[in-house]
Number of protein chains: 4
Amino acid sequence: MEKKIKILGINASPRKYGNTYKLLKISLEAAKKLGADVELIHLYDYDIKPCIGCLSDVQKACRYPCVIDDDAKIILEKILKNDGLIIATPTYWYGPSGHLKNLIDRMTAFENMIFITGRSLVEGKVAGFIAVGNDSGNILAISYMMTVLNSMGFMIPPWALAYYIGNEDVLKSKNSIMDAANVGKVIVDAIRMTKKGHEWYDPKILEKIQLDIDAIRESTETEYRSQWPIREKIILKLTKQK
Amino acid sequence: MEKKIKILGINASPRKYGNTYKLLKISLEAAKKLGADVELIHLYDYDIKPCIGCLSDVQKACRYPCVIDDDAKIILEKILKNDGLIIATPTYWYGPSGHLKNLIDRMTAFENMIFITGRSLVEGKVAGFIAVGNDSGNILAISYMMTVLNSMGFMIPPWALAYYIGNEDVLKSKNSIMDAANVGKVIVDAIRMTKKGHEWYDPKILEKIQLDIDAIRESTETEYRSQWPIREKIILKLTKQK
Amino acid sequence: MEKKIKILGINASPRKYGNTYKLLKISLEAAKKLGADVELIHLYDYDIKPCIGCLSDVQKACRYPCVIDDDAKIILEKILKNDGLIIATPTYWYGPSGHLKNLIDRMTAFENMIFITGRSLVEGKVAGFIAVGNDSGNILAISYMMTVLNSMGFMIPPWALAYYIGNEDVLKSKNSIMDAANVGKVIVDAIRMTKKGHEWYDPKILEKIQLDIDAIRESTETEYRSQWPIREKIILKLTKQK
Amino acid sequence: MEKKIKILGINASPRKYGNTYKLLKISLEAAKKLGADVELIHLYDYDIKPCIGCLSDVQKACRYPCVIDDDAKIILEKILKNDGLIIATPTYWYGPSGHLKNLIDRMTAFENMIFITGRSLVEGKVAGFIAVGNDSGNILAISYMMTVLNSMGFMIPPWALAYYIGNEDVLKSKNSIMDAANVGKVIVDAIRMTKKGHEWYDPKILEKIQLDIDAIRESTETEYRSQWPIREKIILKLTKQK
């Protein structure tokens, strides 16, 4: 039997009826048609306080559940219960909305569990991204979110992104609709293909595979010795210049 | 029988013996220990001319094989033959080396096949990233490469990145070595789990899943009508201000 | 008589005693020694609500003072009263803290006055940036802030940035101290050199300088005609390929 | 008498007749109308080899003139002779063209003179940026260039950026034309206001202003002592959790 798939969509726009919401809705509807259970939440319905940076004082002080008692807890819990996450944001100054940035900062509590239990709580979950703006900047916002979530342990399936530039009704833009629907699809596909609970990052990898660091060192030194004379000439020439 | 895995590593540093090379070597060795066939090439051994932007004149003019007759062809062919790609770059001004950027630009010939045959030639391949620099900027370089390759159709497995800040021998940095080895591991894992030749982006998705755009439009309009009166008050108040 | 210079420093870290604060303090002390009046505020002492995106509904609805009644008003007012602004942030996930991002979003009320009065309220003010983190990402955070503030109308003097990677006491890092002191210096220098109230962006520039767009069009067409035959050959060849 | 102003424009597009060229031409024409001497060069007319990273071997080995003997020398010399620089690039994969990235890498020879003579050769020059693409990504490309050139010592005047999204003739886009003309204007204004040869970054600043680092340390320690008890409680509570 196929495993049950659950996907959470977060609308990080204050406008519950705008283009950001619409593209997110399309992604989720596509995922649903493809067999997933989906849930859409409006981030602006939740009070999210800024991260207070506990780990800058003591690395292990940042852990899940986060010490701050606010609505972020509800959302973080939802993220944990789902296999996939689609974040949709209006592009505010080429980035995610500040409200969403606060949530992202608070998600540190998932990733920092690496220092407590050896595993990130979101390891292997699958993420996709939507950004909507009237001007340039969508890709900068998406690029930012993608890198951060990958660093937390999320997998990013091919073309896990959709955006729309403009202030017309996005439902008139065939391309954006198609991209958004495919964000839903690639997340469903990726969740189906990957093993739930698989350990991706292995902190004991070096022992397990018995990597021969000395051999690598030696081969680079051989390479260095063969190449250095040429570069040395350049450098000597240069450093002799006044 | 498990499918045969092939991974290509590209060293985009002019120094064949430096830290960039070393981390890449570690990633590839790890992948090899985990059962992959690996190949490492030094990008600076190849002459790569800059992209001439054919598609800006005619969208369909950019296709594989690229019209420019130089060494990029050899590398592009290698990328196609492999299931995974690890790009390792020195961080030059917070980004990939210009030589690597030229290769990335030339990889447009893979992605633009979407407009010719409906499929990107690198769809579903798996990518990882390494950046090495003496200062800040590695993450900016990695973030850039990750977003671009995802937009071309590459999958990005969890923690598909490793970097090193400093000018000591990277082989003394346990963390960077461990991260690099894991880049090799997550790529192997992702290739094993995902179906070769799987169609991720489906240009016919809207027809297939019969998405009810009208229902989405209607639900946003209902939402709009319920929320607008509150926002309208704010806006009216504001636009009346001098 | 030299004009009186005022510089505001915003510490966007929740830790009032940390490295972010220290570098900011150094910048401001340097500016003070060079003749400026300086003020340092801790952003976490202020309650800043997220931007509600009024302009996405009606472009002219976003204006200063912002419609949201919270502590952001106090900070926005301070920014207006100063000639220079130094933003210091801890690097949270390669970016500014979410709390700071909320402030940046709210600063839209300055820039959007372009659509009301024709001028951004922060036009010609001078900005500098500090980021501190235990890992890579400082430059990504700085790059983000620099581009945004420049787009709002701030001038960025040479080397308007300082950062520190690590978790030691930054006061032991000569380089970071020197960079931070110079952030103070370049801002003072830039404020001294530039005319207060100068109109940088001129919405009537096209009329004033009577730019001959037709001549530009014609010259590009001539260029096109001479170059096209060569490119056309390439493209024809390509589009004939199957 | 007003100082004579010279501005160089670099068209980093292979297409000498395209939108990138057109916007650059507008910037330069505006600057000319405002009294500047201007020169436009097509980067693709020059052979630029990739940077070979000498400074990774020996910091002082990278210096101007660069050891590589190619056309970059001609361009670097032109940059030195001008007070201002406008870089116009097509947006290739959300960034500058690889050909331009190679030039940027080679400009390291200007900045690295800090380690030889104490001064960057481009210190205090003024820069502006243009990016043109059919899709999202222009701001990412501009953000990248702005941060890099500021780190080399360039000043960035307010709104030193113009872009165009689309594949129509940019000469029909009033906004882009106006922005591009203003890039020319703000650069001329900034050059006029700033002192030629002014020392911005002062490596001896700490001695000169006699910054009291001890006082800063002490004040942060006082702050720490007053705030720590509250944070300690949080952290103790957290670290006691299983």
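Arg119(C) counts as partly exposed, at 28% relative accessibility. By the rule used here, buried means under 20% relative accessible area, exposed over 50%, and partly exposed in between, with a 1.4 Å probe and protein chains only. The model is predicted: local features need pLDDT of at least 70, side-chain atom pairs count only at pLDDT 80 or more, and totals for chains, interfaces and linings use all residues. Residues are numbered from 1 along each chain as its sequence is written, chains are lettered from A and ligands numbered from 1 in the order in which they are written, and side-chain values use heavy atoms, with hydrogens and water left out.

### Salt bridges within chains

Arg119(C) is joined by a salt bridge to Glu123(C), a residue that is buried with a relative accessible area of 11%. A network of salt bridges with shared partners links Lys22(A), Asp169(A), Asp214(B) and Arg217(B). A salt bridge is taken as a side-chain nitrogen of Lys or Arg within 4 Å of a carboxyl oxygen of Asp or Glu. Over all chains, the structure holds 68 salt bridges. Side chains of opposite charge can pair when their charged atoms come close.

In chain B, Arg119(B) forms a salt bridge with Glu123(B). Here Arg119(B) is partly exposed at 28% relative accessibility, whereas Glu123(B) is buried at 11% relative accessible area. In chain A, Lys185(A) and Asp189(A) are both buried. These two residues lie four apart, about one turn, in helix H7 of chain A (residues 174–193). Helices (H or I, at least four residues) and strands (E, at least two) are DSSP runs, numbered from the N terminus.

| Salt bridge | N to O distance |
|---|---|
| Lys185(A) and Asp189(A) | 2.6 Å |
| Glu123(B) and Arg119(B) | 2.7 Å |
| Arg119(C) and Glu123(C) | 2.7 Å |
| Asp57(A) and Arg15(C) | 2.8 Å |
| Asp169(D) and Arg217(C) | 3.9 Å |

### The interface of chains D and C

Chain D places 67 residues in contact (heavy atoms within 4.5 Å) with 67 residues of chain C. The buried area is about 6200 Å², and carbon and sulfur atoms give 70% of it. Buried area is the accessible area (1.4 Å probe) that two parts lose on being put together, summed over both. Between these chains there are two salt bridges, and 28 residue pairs, both members at pLDDT 80 or more, are in polar contact. On the side of chain D that touches chain C, two or more residues come from each of helices H1 (19–33), H6 (138–152), H7 (174–193), H8 (205–209) and H9 (213–240) of chain D. H7(D) supplies the largest share, 11 residues. By class, this side has 35 nonpolar, 14 polar and 18 charged residues. Ala, Val, Leu, Ile, Met, Phe, Trp, Tyr, Cys and Pro count as nonpolar, Asp, Glu, Lys and Arg as charged, and the others, Gly among them, as polar. A polar contact is a pair of N or O atoms within 3.5 Å; within protein, one must be able to donate a hydrogen and the other to accept it, and residues adjacent in sequence count only if both atoms are side-chain atoms.

### The interface of chains A and C

The contact between chain A and chain C takes 29 residues from each of the two chains. About 2400 Å² is buried there, 59% of it from carbon and sulfur atoms. Arg15(A), Tyr92(A) and Trp93(A) supply 27% of the area that chain A buries against chain C, more than any other three residues. The count here is two salt bridges, with 22 residue pairs in polar contact (both at pLDDT 80 or more). Helices H2 (54–57), H4 (98–106), H5 (108–111) and H6 (138–152) of chain A each give two or more residues to the side that touches chain C. H4(A) gives the most to that side, with six residues. The side of chain A divides into 14 nonpolar, 10 polar and five charged residues.

H4(A) is mostly covered, as nine of its nine residues are buried; among them are His99(A), Leu103(A) and Arg106(A). Within chain A, the buried residues of H4(A) pack against strand S1 (6–11), helix H3 (72–81), strand S3 (84–90), H5 and H6, and they also pack against helix H4 (98–106) of chain C.

### The nonpolar core

A nonpolar core is a set of buried Ala, Val, Leu, Ile, Met, Phe, Trp, Tyr and Cys residues joined through side-chain atoms within 4.5 Å. The largest such core has 168 residues, of which Ile79(A), Ile79(B), Ile79(C) and Ile79(D) touch the most other members. Not counting residues up to four places away in sequence, Ile79(C) touches Leu8(C), Ile10(C), Leu85(C), Met107(C), Phe110(C), Val122(C), Lys125(C) and Phe154(C).
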